[in-house]
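Q: Could you take me through this structure by asking, for each label, what value stands behind it?

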Amino acid sequence: MKRTTYIISILGALAMLLSACSDFLDREPWDSVDTSEGFQTAEDAVAAVNAAYQPLQWAKLYNMRIWTLDIMAGNSVVGAGGGTDGIETVDLANFIATADNFAALDLWRGPSPGILRCNFVLQNVPGMDIDQNLKNRCLGEAYFLRAHYYFILVRLFGGVPYIVTPQTSESNLLVERAPVSKIYELITSDLQNAISLLPKKSEYSTTDLGRATREAAMAELIRVYMTYEPSNDKYEEVVRMCDEIGSMGYELASDYSDNFNPDKKNGVESIFEVQYYGKTNYDFWSNENQCSWTSTFMGPRNSDMAAGCYGWNQPTSEFVSQYEEGDLRKDKTIFYMGCPTFDGKQYSSSYSTTGYNVRKFLLTKAQSPDYNTSDADWVVTRYADILLLKAEALNELGRTVQAEDPLYEVRKRAGLTDRSTIEGLTQAQMREKIIHERRIELAFEGQRWFDMIRYKDNYALNFLHSIGKTSASTKHLLLPIPQQEIEANPKLTQNPGY
């Protein structure tokens, strides 16, 4: 990666490592602290871990780039203001992006500060004289977060630099790309460590809700097993872990929309969320921003239905056509002509280039009165996802009839109570049902692209071609390594075809 990028990341991390906060959910950005007496107290350890969470909040990851992957996956189009507004995402979605694509650069750089900060924790906390339970938790959080950052990178780019110790301005920063297998070995090991060290969600205090938990690490490992070289042994382990998570008190929220309501954060269905508290003491566009962008960006343009209304992420007619008759999620996920009103306002198809907008994340002005005040979390993992992964694993094991139960549980909440529509299916038919269900249930939550590229039988390209994206080819299943990074680091190699 680029040397100056790393130096900036290092200095930023050092400036943020030692500022403590009493409430994980009500934190100010850390940007002015003395690092000379680092890692002395329990508060220092907690602050260092808190700093490792922060890159998840940035626009390079969950505040923008991750959810725009649904645009690349064909669920939606950029919309926005036209012209060059969002052109980097338009190019990715049209599969004409080159190595100078700015969104690819964001996604490449986004995880690196988090990895750096996790490495500081994992190097320094083991030797600290602090309460063993707190030490275990801090280490478990760092293992989980490092695995999560690397899991994002390896799925998007393939092999990436393997860095497991803190780098400083004196380090050799010209690191080559490691094989995909080595990155997945690290991810798996980190998650297994996290599972052994982290407390359950039920064991956290109210002020610490939102931190990584044992079940969050298990859920991440489930995704890893379903993504990288899945096998019958891995499918069996997926089913076991899904059942264990289910035994920890998780269930589907009674109302699908509760998962995205900032008044109901970290609820009964939530396994891991990126936390925001809606307070912007810094520039809205800066990393220190503590408000969510989703409502602001996805509000229908020129509608005044919410604060901001930038008009991004407009669902396609093909996506909308996938809703089954009677699916309650439709009215909770999208705006369409004739849909229920929002905060007393009627939607018009003229607000969108496709005739549709995303409703799922929109907040009323009572909830978020200005463009920079949303405190909605980003839900990375929830129990519905786990149920559908369990159904998928059971089906791949040939236990198709057993796969009906977790699939039906998700569909029943959506009002699709005719179980006969999923009974008596072949393994191939059940696979298609589960793929469909994941697309609808997790729509616009940043999961669709990652699902598409892990599915069997060249699913991603077949789907993309079927919706007219004929420019998509095998090379596009990975993003280009940014040219800026290659020029700064001659040891980096480009992905094939770019």
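**Labels and the values behind them**

Q: Why is Cys-242 called buried?
A: In this predicted model, Cys-242 has a relative accessible area of 3%, and because the label applies under 20%, Cys-242 counts as buried.

Q: What makes Cys-309 a cysteine in no disulfide, and is Cys-309 buried or exposed?
A: The nearest cysteine sulfur to that of Cys-309 belongs to Cys-339 and is 14 Å away, whereas a disulfide requires two sulfur atoms within 2.5 Å, so Cys-309 is in no disulfide. Cys-309 has 7% relative accessibility, and therefore counts as buried. A search of the whole structure likewise finds 0 disulfides.

Q: Why is helix H14 described as largely enclosed by the rest of the structure?
A: Of the 14 residues of H14, 14 are buried, and the helix is therefore described as largely enclosed. Helix H14, which covers residues 383-396, reaches 20 Å from its first C-alpha to its last, close to the 20 Å expected at 1.5 Å a residue. Just after H14, Gly-398 takes a positive phi of about 85°.

Q: How do you know that Ala-391 is buried, and which residues does Ala-391 touch beyond four places in sequence?
A: Ala-391, found in helix H14, has 0% relative accessibility and so counts as buried. Not counting residues up to four places away in sequence, Ala-391 touches Ala-403, Pro-406, Leu-407 and Ile-434. The C-alpha atom of Ala-391 is also separated by 8.4 Å from that of Val-239, although these two residues lie 152 apart along the chain.

Q: What makes the phi of Asn-313 worth a remark, and where does Asn-313 lie?
A: Most residues other than glycine have a negative phi. Asn-313 is a residue other than glycine, yet its phi is positive, near 65°. Asn-313 lies in strand S3, residues 312-315, and at 0% relative accessibility it counts as buried.

Q: Which residues have the most contacts inside the largest nonpolar core?
A: They are Phe-144, Ile-187 and Trp-449, in a core of 150 residues. The largest share of this core, 15 residues, comes from helix H7, residues 132-157. Leaving aside neighbours within four places in sequence, Trp-449 is in contact with several residues, among them Leu-69, Phe-95, Leu-156 and Leu-477.

Q: What radius of gyration would a compact globule of 498 residues have?
A: The value would be near 23 Å, and because the protein has 22 Å, the two agree. The C-alpha atoms fill a box of roughly 60 × 50 × 50 Å along the principal axes, and 60% of the 498 residues count as buried. The secondary structure comes to 19 helices and 6 strands.

Q: How many of the contacts between residues at least 6 apart in sequence join residues at least 24 apart?
A: The share is 70%.

Technical notes
Residues numbered from 1 in each chain as written. Predicted model: local features only at pLDDT ≥ 70, side-chain atom pairs only at ≥ 80, totals over all residues. Heavy atoms only, no water. Helix = DSSP H or I, 4+ residues; strand = E, 2+ residues; numbered from the N terminus. Buried < 20%, exposed > 50% of the residue type's maximum accessible area, 1.4 Å probe, protein only. Contact = heavy atoms within 4.5 Å. Expected span 1.5 Å × (residues − 1). Core = buried A, V, L, I, M, F, W, Y, C linked by side-chain atoms within 4.5 Å. Rg over C-alpha atoms; globule rule 2.2 N^0.38 Å.
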